[in-house]
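Colleague: Please take me through this model one feature at a time. For each feature I would like the general idea and then the case.

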Amino acid sequence: MARKVNLRIWRGDSNSGALQNVEVEANEGEVVLDVIHRVQATQMGDLAVRWNCKAGKCGSCSMEINGKPRLACMTRMSSFEEGEEITVTPLRAFPVIKDLVADVSFNYKKAMEIPAYEHPADLGPGEARMEQIDVERSQEFRKCIECFLCQDTCHVIRDHEENKKSFAGPRFFIRIAELDMHPLDMLKNRKRTAQEEHGLGMCNITKCCTEVCPEHIRITDNAIIPMKERVVDVKYDPARWLGSKIRRREG
Amino acid sequence: MTELERYKYDVLVIGAGGAGLRAAVEAREAGLRVAIICKSLFGKAHTVMAEGGAAASMGNVNSGDNWQVHFRDTMRGGKFLNHYRMAELHAKESPDRIYELEMWGALFDRTKEGKISQRNFGGHEYPRLAHVGDRTGLELIRTMQQKIVQLQQKDAREYGNAEANIRVFAELTITEIIKEKGVVAGAYGYWREGGNEVLFEAQAVIIATGGVGKTFKITSNSWEGTGDGHALALKAGANLVDMEFLQFHPTGMVWPPSVRGILVTESVRGEGGVLTNTLGERFMFKYIPDVFKDKYADNEEEADRWYLDQDNNRRPPELLPRDEVARAINSEVKAGRGTEHGGVFLDVSKRIPAEVIKKRLPSMWHQFYELAGVDITKEAMEVGPTCHYVMGGVEVEPDTAAAIGVPGLFAAGEVAGGMHGSNRLGGNSLSDLLVFGRRAGMGAAAYVKSATAVAVSEASVKAAADRIQAPFTRAGGENAYSLHQELQEVTHNLVGIIRTGSELKDAIEKIADIRKRSQNVSVAGDRKFNPGFHLAFDLDNMLLVAESTAKSAIAREESRGGHTRDDFPGMNDKWRQVNHISSYNGSEVVVREQKLPTLPKELFDLFDIHELEKYMTSEEIAKGGSN
């Protein structure tokens, strides 16, 4: 049950580019990435697109489809109306390399700025004991496939290049939250550095990141808001501040 | 042409999946400077697709487990064609590798006592797979990715440069391993982004490039699985061992067509999923082979009881090793008892409450709901075999992962051969890449410390550069996309799950023809992020791999594990003693027989003699292993 669809694909590089119209076949059950691949194999052999697993597990084929940050492998063609024009463009918050491929190196630089996990020195191989319920909080954030759609949609950096220097973005707020909630991590003050060094305060919880997350991680509710609340507590409550200095881990 | 970029490292790791990253960590911690090459972005490797878990006999769920039981299961699963030493090292070292990940921050699911939980899987006698829901591979990759970032942060503090001693080169393709005076001197490649060329001078090169799935039409592998490392090793003078053995995972998605081949984790069966045909028959009971009869239930009642009481019941036949289940599904579909889309039904909805399914198999629920519109808590899934894993690979020294015949070359993970014999057990891949990734890192470090460096000659650089430029110099030649599709048709139809001599002969001729035409591939556009250009090199690799597979398959006149011959059904004791060694003579792949290493007495004695009688000749049994 093949049908013809009209695709508008952004083609170009960092110097210039424009949308190009193509007509291409789409078959039952296909996703946008299938159709892009068909264009590549039959009409534009050098069309640049990133992809890997084609199953929503690796987060490579991030792009904007009709202006929305999406995974091309998880956007079914049947979600568009008959005759609807489909526009595919590269992620807007990052510099374009070519066609649908953006330079996402910003994210790898930010990853480097988050202090790593610190294992308790006295806990040897196989000695760790953790409750399932305690690991689940961090596990939610470890589901992240690093598609960077949350980074792309976040208005703090989407159209504000100047904020990139001081803002780690939602992907790395959940990384900090994951380590902060990790039952074994020994590094202190993760919430405070999130606020002071990684720009947590710049987020005004519009929840756009949560909306685009293909893994349905509750970025805002479960990571950003709890961290914001406790940063305030720790900062302004003298008893808590003192407690955080005495106990092994901050509250 | 832009100027050639040149780098010098002690160790070059090609591949940033589980094996590559584990090797890189080990080599760096041994004090060496390490470069990691990935074909895609850092953290996207195919390892993230591994769902079920990592097999390690920690005995957290059943204390009866230990390395000996794991070793026996692995040898059985591989139908005794495994390199015993690899299976032994793997079984002994897996638990330590899992604990190590935990110390690097990994968060595995827990038992009630707070230990790492372990789940059942096909062919494993006890619950053995450490897991994180059904996204264990992602946890492994992320943990090691973050471990590498940690090492870089340390270097940033000590040397003022995060990339002083370990650097990730993302979106870079290696086209050649360069040897000088018979030893490895480095490797050559290009940046996928801009197309400019790069020379790495390194005394040791570790190949960790994963699998070959993209040579087949229906596969669970991503575009990266094009056998690059297999081909690079062959061309560098290394051997491939037993390339006829490919694992067709029994349960890939079959509908809609665009998702055909995408993996449905074995955990679905481990958690209680049953396979039925269109008549509603739970057909696996019909397909229990003699060698497994004492371990698998032959009736539904006992199979169902096993989920509650594993000590007093035999396991359900849905949990037979993958080759058995894949063949069974294939037979059912051939006999006309398959679905209209050519699959069978896999159902968890009738046995497990919806909320438990969503908790234990979250990404499966997600995958079916979003890609196929199927709610697996209410309906059955449609599944069929998909090309998943290659057991064959680079022939290595088990202890060091050194490629035999090429000083300075190492291989680990799926690209290495021997460990899994004729069939890999689920869960043994994640543990394999940790155990042998580490050993390759150690092996390379020891080699670098004892060998003297050789410089890369300008002649080698020029030859490598000419080869990269070639597709642009040919106008109006063959289209790489079309040739790739042709190759996939040939392998799917003639070298697939069931094979015969005449079809294999046909395949070998057709592959040779495609290979000849591939020498004339031309590429449109320029070098900048040009998939057509990239495919030209991938295609070259896939063709060599397919040739090696077809030639090994026609030579093995028996059926065993991931190699089924319609014209030679059943295992043959004689063939159990034979490895097929592929080498490259400069124009084609040549396959020869080599005797399988003999099981030493202490490992031989771990088995019941009656079990060994099912696999070995009477002379082998009489000998009782080697001393």
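**Reading a two-chain model**

Modeller: The average pLDDT of chain B is 95, and 100% of its residues score at least 70; pLDDT is the predictor's confidence in each residue, from 0 to 100. The model is predicted, so local features need pLDDT of at least 70 and side-chain atom pairs count only at pLDDT 80 or more, while totals for chains, interfaces and linings use all residues. Residues are numbered from 1 along each chain as its sequence is written, and chains are lettered from A and ligands numbered from 1 in the order in which they are written.

Colleague: Why does pLDDT come before the details?

Modeller: Where pLDDT is low, the predicted coordinates should not be read in detail. The scores for the model are ipTM 0.92 and pTM 0.94.

Colleague: How many residues does each chain bring to the contact?

Modeller: Two residues are in contact if their C-beta atoms, placed from the backbone, lie within 7 Å. Chain A brings 47 residues and chain B brings 50 residues. On the chain A side, helix 1 (32-42), strand 6 (96-98), helix 2 (105-113) and helix 3 (132-142) each supply at least two residues. Helices (H or I, at least four residues) and strands (E, at least two) are DSSP runs, numbered from the N terminus. Helix 3 of chain A gives the largest share of that side, five residues. By class, the side of chain A that touches chain B has 21 nonpolar, 13 polar and 13 charged residues. Here Ala, Val, Leu, Ile, Met, Phe, Trp, Tyr, Cys and Pro count as nonpolar, Asp, Glu, Lys and Arg as charged, and the others, Gly among them, as polar.

Colleague: Which domains does chain B have?

Modeller: Domain bounds come from an automatic or database domain assignment. For chain B it gives domain 1 (5-245 + 391-458), domain 2 (252-388) and domain 3 (477-575). Taken over C-alpha atoms, the centres of domain 1 and domain 2 of chain B are 30 Å apart. Between them, 20 residues of domain 1 of chain B are in contact with 23 residues of domain 2 of chain B. The domain 1 side of chain B divides into five nonpolar, 11 polar and four charged residues.

Colleague: Which residues of helix 2 of chain B are buried?

Modeller: A residue is buried if 20 or more other C-beta atoms lie within 10 Å of its own, exposed if 12 or fewer, and partly exposed in between, with C-beta atoms placed from the backbone. In helix 2 (residues 67-77) of chain B the buried residues are B:His70, B:Phe71, B:Asp73, B:Thr74, B:Met75, B:Arg76 and B:Gly77. They pack against strand 3 (54-55), helix 3 (84-103) and helix 11 (428-450) of chain B.

Colleague: What is the backbone like after helix 2 of chain B?

Modeller: Just after helix 2 of chain B, B:Lys79 has a positive phi of about 55°. B:Phe80, in the loop between helix 2 and helix 3 of chain B, also takes a positive value, with phi near 60°. B:Phe80 is buried because 26 other C-beta atoms lie within 10 Å.

Colleague: How is strand 11 of chain B placed, enclosed or open?

Modeller: Eight of the eight residues of strand 11 (residues 246-253) of chain B are buried, so this strand is largely enclosed by the rest of the structure. Two strands pair if DSSP finds at least two bridges between them. Strand 11 pairs with strand 14 (residues 381-390) of chain B in the antiparallel sense, over six bridges. In the loop between strand 11 and helix 6 (267-270) of chain B lies B:Pro256, joined to B:Trp255 by a cis peptide bond with omega about -5°.

Colleague: Which residues are in contact with B:Ala444?

Modeller: B:Ala444 belongs to helix 11 of chain B and counts as buried because it has 34 C-beta neighbours inside 10 Å. Leaving aside neighbours within four places in sequence, B:Ala444 is in contact with B:Val11, B:Ala27, B:Ala204, B:Ile206 and B:Phe410. B:Ile206 is 238 residues away along the chain, yet the two C-alpha atoms are separated by 7.4 Å.
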